[in-house]
Amino acid sequence: MPKETYYYLPDEKKTRVYLACRSEFETHSYHEAKIMHIVKALNIPRGSFYQYFDDLKDCYFYVLSKETIEIHDLFFELIKKHSLEESLEKYKYILLENLLHSSSYNLYRYRFLDWNYELEKDWKPKGTKTVSSVELNNPLIQVLKAVIHDIVHRLFSEKWSDEEFITVYNREIGLLKQGLTAYLSHG
């Protein structure tokens, strides 16, 4: 997250710095993004960037924390209020709204297409901790997470329409639900 120096900037300059950073991650994946692009857009020396952020990853995580939400959290909120089946049905529309139909589309796209173990490991301590480790370690949640992450990855990599996403989601979650129902009744 930003250093104190960033927070002491006048609002106008802080906004300019933030918008330049956000623009870099909307137009480049993390692994293609460059500090050089950000400082050039701002017309500032490279050293000034390091007065605001530790490094590019710190900057990236700050932009993600401000512009995106943890889609896992959305599912856990649903499951607190609804049955598993109803939550899964509602979740597909929440995913579409937040991933495809939001102003953060490119940030999500690059996050899902470029995310790797290193980013995941470093993000966890900086990301919001709203999902308990008990919930995340539940085998049912692990299976759902794997399938939904794969569907979302394919959504971005194959540039699906809403209809294509819904078709695949319904087919693959439907298959899981048949198996999950048996798992839940015996497990």
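Reply: A nonpolar core is a set of buried Ala, Val, Leu, Ile, Met, Phe, Trp, Tyr and Cys residues that are joined through side-chain atoms within 4.5 Å. In this predicted model, the largest such core has 29 residues, and those with the most contacts inside it are L95, L99, F165 and Y169. At least two residues each are supplied by α6 (71-81), α7, α8 (105-114), α11 and α12 (162-186). The largest share, nine residues, comes from α11.

Leaving aside its neighbours within four places in sequence, L99 is in contact with I71, Y105, Y108, F112, V152, L155 and F156. A second, separate core of 27 residues includes Y6, V17, V39 and L64.

The pairing of α7 with α11 may be considered next. Two packed helices are described by the angle between their axes and the distance between the axes. Here the axes of α7 (residues 84-100) and α11 (residues 139-157) come within 12 Å and cross at roughly 30°, and the crossing is right-handed. On the α7 side, L84, L88, Y91, L95, L99 and L100 take part, and they meet L140, L144, I148, V152, L155 and F156 of α11. The residues of this contact divide into twelve nonpolar, no polar and no charged.

Finally, the wider setting may be described. The protein chain is divided into domain 1 (4-66) and domain 2 (69-185), and 28 Å separate the centres of these domains, taken over C-alpha atoms. Their contact takes 15 residues from domain 1 and 13 residues from domain 2.

Technical notes
Residues numbered from 1 in each chain as written. Predicted model: local features only at pLDDT ≥ 70, side-chain atom pairs only at ≥ 80, totals over all residues. Heavy atoms only, no water. Axes fitted to C-alpha atoms, helices over the stretch in contact; angles between N-to-C directions. Helix = DSSP H or I, 4+ residues; strand = E, 2+ residues; numbered from the N terminus. Left-handed = near helix turned anticlockwise from the far one by under 90°. Contact = heavy atoms within 4.5 Å. Nonpolar A, V, L, I, M, F, W, Y, C, P; charged D, E, K, R; others polar. Buried < 20%, exposed > 50% of the residue type's maximum accessible area, 1.4 Å probe, protein only. Domains from an automatic or database assignment.
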